[in-house]
Each structure stands twice: as structure tokens, then as C-alpha cells.
Amino acid sequence: MNDSANTPIKRALLSVSDKTGLIEFGQFLASQGVEILSTGGSAKALADAGVPVKEVAEHTGFPEMMDGRVKTLHPKIHGGLLALRDNDKHLGSMKEQDIGGIDLLCVNLYPFEETVEKGADFATCIENIDIGGPAMIRSASKNHAFVTVVVEASDYEGVMASMKENAGATSASLRTKLAAKAFARTGSYDAAISAWFADQLGETYPERMNITATKRQELRYGENPHQDAAFYVTRNATPRRGIATATQLQGKELSYNNLNDTDAAFELVSEFDPKDGPAVAIIKHANPCGVARGNSYLEAYNKALICDQTSAFGGIIALNGMLDGETAEEISKIFTEVVIATDADEKAREIMSAKKNLRLLLTGGIADPRDAGQTIKSVAGGYLVQGRDNGKVTLDDLKVVTKRKPSEQELNDLLFAFNVCKHVKSNAIIYVKDGATVGIGAGQMSRVDSARTAARKALDASEAAGLEIPMTEGSVVASDAFFPFADGLLSAAEAGVTAVIQPGGSIRDDEIIAAADEQGLAMVLTGMRHFRH
């Protein structure tokens, strides 16, 4: 690439759906003596503004037809875009066929994505699939050595600046950059169309899957300083509430780990419907270190905090509703990286603003834990794609398998614990009492180790809180998958639990149930597991 290879712009074709900045750009080109070709609404808008414009139909000598489906698919257009200006054979063909060069193409595509997002019917969506636009963009992009291609209004300014600097020409570096951007745009456009077709056909896993996203920001680094990173967001008809939709009110730029942990925190707290009361989750390294419900957010926060005050330092706090001043005041007493909530009142915003390094994110709503969707994980040479874990166990799903039935309070805590379990790295064991986690065992290689780790952490937390009796006394326990042996269950019983919730399905279920009966425990099976790796 040679930056000195500036290409003068003598003829331009402007055909855009989004008319933002079109008039100003057209006026500038006209002032530079550029001949402007255009179509339909773009031509009318330019002409109405007094910009000299020539209809494409007049340029090609071929009328626009088939309700506009055929207008730019013509040799005089694509020949003018694709011809190599330093190739005698190409130049000869241009002269022989009376094809004039087109040096600048400005096109943004039919609003297919927006049409789908509005819930338009099948026929309307089909009509909003652009054919001529992508064809021209690809022609111009391929020939970027001589042609400048613009697919976003935000790039008008850069083109005008280059032309001013280079006596009406654009630089090779700018044209290359714009061509790369144009190919990315047509790629994402085609991906959106193929995804829509797959959805219309009910194909959850089509033969070819195109993944497209737009860069929100480059990050300072990834999980570790030697890794680079960026944050990309996808486009959906109904965006899922969370980090991609959140507005950051204050604080320094979010890091890769901040974003990952904040997503985990908000997804977890979204399990709890705000209509059922306040819920707070505190996250560290993508695992919860405390989750609780309360009559107020202050109560829920304090109950969550007591579970593991040490790990909460420098963590992420998520609320399933509006952050209030009283809760913000309490949160501000320890170092917190991020607070994410649906909203925040004026007092809370004022209190948080004094913490310059704390990031406050507001999502405008809660995520629906039952929403369908997919998660994608990269592996060497490909991707693992699966449906989001939107399984939700309710009271009606529980099967009591022990002699003793759980009390109403135990049932409430069991369901709470199992909802939390879904968001803890496997193997996961969760102790819960009175709507709050009191011990969390995450990511251990054996389930009994998770049970012991959770109990040990609960004992430490109890001592830190000045409690004489461990918080696990009288608690319930949840396991994300079945107990393969009775040892994990017995370890929980030693910690003082009174009831157990687990999926069941082990070949030793009878042995586990017998052990629970022997310990006087109530146990319910869910029939659904929640591995999280």
C-alpha cells in the first residue's frame, strides 16, 4: 500500500437509505467539481437542496424497473467501479463501451435489520433485502486502489478532510481502511439475513452459522495484562438487559474482568423477580460470594455481605431493582469495583459520585431468566454453541423423596438455593438460610470437597460476624447435580443442614435417600441439573 497513491474523485454515486449528512456531503462534492450520480430518494433530496445531480437511469441509458429492484445492476455502474485505471485492456473496454469511471461510492443498505426488529411480516422483510447496494459495495471495495467506498455517514468527514488535503483526491490508506469497513458491513448484513431465514425455518443450529457483532470498545487488556481484548455487542430485536444495554454513569473504563463479572452478577440477580422483593448478589471472579433477598435492598445487601465479607472486597454488586440512597451509603463503606442495577435514585447517584473509581451501571430493566438464546464458547478450531440455561425449577417441579417433608420456609430456601446454584461454577454446593446464602462451594473437582469448602467458609464468616453458632446450623443445601455418593450429603448434614435439594438421577439415589432419612433430613429432587463450567 502506497500512501502517495492519491486518487482524484471526479464522479461519485450516492445512494443511501440513511440521509444523515447527505446534503452537506453532496454540497461539498459539488463544490469540488465532482459529478454526482444518484437514485430515487437520494437524488430527490440532493436536487431539492440545489445540488446538481444526475439520475443513474440517465447515466446508464436504462430505466429503473421492477419497483426499483433493478436500477444499479448495470455494466456502466459495475464497469465504472471495477475498472483498473492503470490497465490498458480495462481502459480500452471502458472507451469501447462508453463506460465512465466512478471514483466514489456512497451507499448504506436497505434497513433490513431495523425492519426485522420492528416485527414486519415475511414479505416486507424480503423486500428490505438490498441486492444492488451490496453488489456495488463489493465492486468498489475490491477496486479500492482506485475507488473510495463509504458505507457509514460517520465517514463523510474523513473523506472530505482527505480531499481537502490532497487537492480533491483520497489517500490509499483511507481507501483501504474504508474498503475493509465496507466488506465487514456486507458480511454482517448477510449474516443478519441468514440468521433471520434460519429463525423463520425454525433452524436453531443451521448448517452454517454466521456470528456478527459490533465493537463497543477496545479494552486495556484481557484477563491478564499480556492479553489484548475488546467488547463487542450483538444486535437483537429485543436486546437482553444487562451489560450490553447498560448506561455507565461514572467511574473509569470497565475492564475485561469487570465486564465478565458484572454480566455474571446481573444474570444471577435477574433470577429473582423484583415483584417478589429486593435481591442482591455480590460477585467475585464470576462466582457469587453472597446472595440474598430482603424486605429492602439494604437488608438484602447486608445479608449477602455477611456470607463472605473478605471476598466481597473489590467485588461486583448487582440489584434486581433501583439502588436507593440508604443502600448506596452502606455499599460505599467498602471498596467495590462495579454496582449494576435497573436504576438509581438521586441520593444514590450523589453518594456513588463521590467514589470516583466505582462504576455505576444502570440497565433500565431486568433480564428474563426464561428467555431463549444461545451461549457461544470458543475452543481450538471452532465454537461450542448451546441454548442458554433458562431452566427454572418451581414448587410444582419438586419431588419429595424422604420420609420427612420440608417445611414452607425450607421449601422457599431450597428454591432460592437452587436458583443460586445455577450461577456457581461446578461442582457447586450452596448453603442457604432465611433467604440468604451462608456458604458457597464452587469449582471443586469433587462434590464432597465443595460441600466441605462451603461449610468451612460459612464457619469463617460466622466467626467474622461474631456468631457463636455457625450459620449453616438449620440451613438448607443445594447441589447443582446429583450426589454420586453419600459422603457429600453427610458432610452437609454435619454442617447442620435440615433439608436438601438436588437433581437426582444417580445410580445410588436409593442410597442417598436412605442416608438422608437416617439423618432426619428432608430431600427434594428437581429432575434438572445446572452444570456451569
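**Entry 1: T342**

Before I began, I noted that a polar contact is a pair of N or O atoms within 3.5 Å; within protein, one must be able to donate a hydrogen and the other to accept it. I also reminded myself that this is a predicted model.

With that in hand, I looked at the side chain of T342, which reaches the backbone nitrogen of M322 at 3.5 Å. I then found that the T342 side chain reaches the backbone oxygen of G321 too, at 3.0 Å.

Where does T342 sit? I found T342 in the loop between β15 (336-341) and β16 (343-344). Is T342 buried or exposed? T342 has a relative accessible area of 15%, and buried means under 20%, so I wrote T342 down as buried.

I also listed what T342 touches, leaving aside its neighbours within four places in sequence. The contacts include L319, N320, G321 and M322, and also L362, T363, G364, G365 and I366.

**Entry 2: aromatic pairs**

How many aromatic pairs does the structure hold? I noted eight. I looked up F112 and Y189 to begin with: their ring centres are 6.3 Å apart and their planes stand at 70°, so I call the pair edge-to-face. This pair links distant parts of the chain, with F112 in helix α6 (residues 112-117) and Y189 in helix α10 (residues 172-200), 77 residues apart.

I checked the burial of both partners. F112 counts as buried at 1% relative accessibility, and Y189 is buried with a relative accessible area of 0%.

F112 has a pairing with W196 as well: the centres are 5.7 Å apart and the planes at 85°, so this pair is edge-to-face. It also links distant parts of the chain, from F112 in helix α6 to W196 in helix α10, 84 residues apart. W196 counts as buried, at 7% relative accessibility.

Which residues form one aromatic cluster? I wrote down F112, F122, Y189, W196 and F197.

**Entry 3: helix α4**

Next I turned to helix α4 (residues 75-82) and asked which of its residues are buried. They are K76, I77, H78, G80 and L81.

I then looked for what covers these buried residues of α4. The cover includes two strands, β2 (11-16) and β5 (104-108). It also includes the helices α3 (56-60), α5 (88-97) and α8 (132-142).

**Entry 4: N236**

N236 has its place in the loop between β9 (229-233) and β10 (247-250). At 40% relative accessibility, I put N236 down as partly exposed. I also looked up N236 against E113: the two are 123 residues apart in sequence, and their C-alpha atoms are 8.7 Å apart in space.

**Entry 5: cysteines**

How many disulfides does the structure hold? My note says zero. C289 is in no disulfide, and the nearest cysteine sulfur to it, that of C307, is 7.4 Å away.

Technical notes:
Residues numbered from 1 in each chain as written. Predicted model: local features only at pLDDT ≥ 70, side-chain atom pairs only at ≥ 80, totals over all residues. Heavy atoms only, no water. Helix = DSSP H or I, 4+ residues; strand = E, 2+ residues; numbered from the N terminus. Buried < 20%, exposed > 50% of the residue type's maximum accessible area, 1.4 Å probe, protein only. Contact = heavy atoms within 4.5 Å. Phe/Tyr/Trp six-rings, centres within 6.5 Å; stacked < 30°, edge-to-face > 60°. Disulfide = S-S within 2.5 Å.
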